[in-house]
Amino acid sequence: MGKVSIGLRGWRFDEEAVFAADGTIRPLANMDAETRERIVRLSAMMGEPCDCCYLVHGDEEIQRCNPAQAIYGEALGEVLLCDDHEADFVYWFQEAGGKRHAGERDLKDRFHQWFVDGGRAPEGFELEHVEEDPDDVPEAPDPDEELPGLEEEIEEMDDDELDALDMDLSDIDFD
């Protein structure tokens, strides 16, 4: 088993650490703390708008924002990007000093400031997504849908079990 992105490109997970044999998400209590935090955070971010689109259009015109297709950075400091703006982030990270913020939650704020100040990838800067053995990777959930089994697991947990996870789940909107 290998590394996979789930729902959004960017964050990579060990497939066997996340998925049960039936394709559902493993019980959260059976995941290491970092994987659990990212999975729960990812579930809250799927279906959200691209950060760059939001910075351009704001709440007033949120319907003009593209949905996020990629996620980068640390949980609770992640950057959500659509296909149109992913190159801006990658350029900033690789060529405009963003790499020095790797592993820090302020990466999001630093990138947002660069973008608001007019920072963009230059004309011709393009991304190339490489997939190795795409037929061997399980199909990721649609970014507009919840992660399989996660919603049910969280809803079935009592307060003590939720407290034991030691996570803030307040921003997860399970309808």
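Tutor: Helices here are DSSP runs of H or I with at least four residues, numbered from the N terminus. The model under discussion is predicted.

Student: In which helix is His85 found?

Tutor: The protein has seven helices and four strands, in the order β-β-α-α-α-β-β-α-α-α-α along the sequence. Residues 83-95 make up the helix that holds His85, namely α4.

Student: Is His85 buried or exposed?

Tutor: Residues count as buried under 20% relative accessible area. The relative accessible area of His85 is 15%, so His85 is buried.

Student: Which residues does His85 touch, not counting those up to four places away in sequence?

Tutor: A contact requires heavy atoms within 4.5 Å. With residues up to four places away left out, the partners of His85 are Cys50, Cys52, Cys53 and Phe115.

Student: What separates Arg38 and Glu34 within helix α2?

Tutor: These two residues form a salt bridge, with closest N and O atoms 3.7 Å apart. Both lie in helix α2 (residues 33-45), and because they are four residues apart, the separation is about one helical turn.

Student: Where does Glu78 lie?

Tutor: The pair links distant parts of the chain, 37 residues apart. Arg41 is in helix α2, whereas Glu78 is in the loop between β3 (70-72) and β4 (79-81).

Terms used:
Residues are numbered from 1 along each chain as its sequence is written. This is a predicted model: local features need pLDDT of at least 70, side-chain atom pairs count only at pLDDT 80 or more; totals for chains, interfaces and linings use all residues. Side-chain values use heavy atoms; hydrogens and water are left out. Helices (H or I, at least four residues) and strands (E, at least two) are DSSP runs, numbered from the N terminus. Buried means under 20% relative accessible area, exposed over 50%, partly exposed in between (1.4 Å probe, protein chains only). A salt bridge is a side-chain nitrogen of Lys or Arg within 4 Å of a carboxyl oxygen of Asp or Glu.
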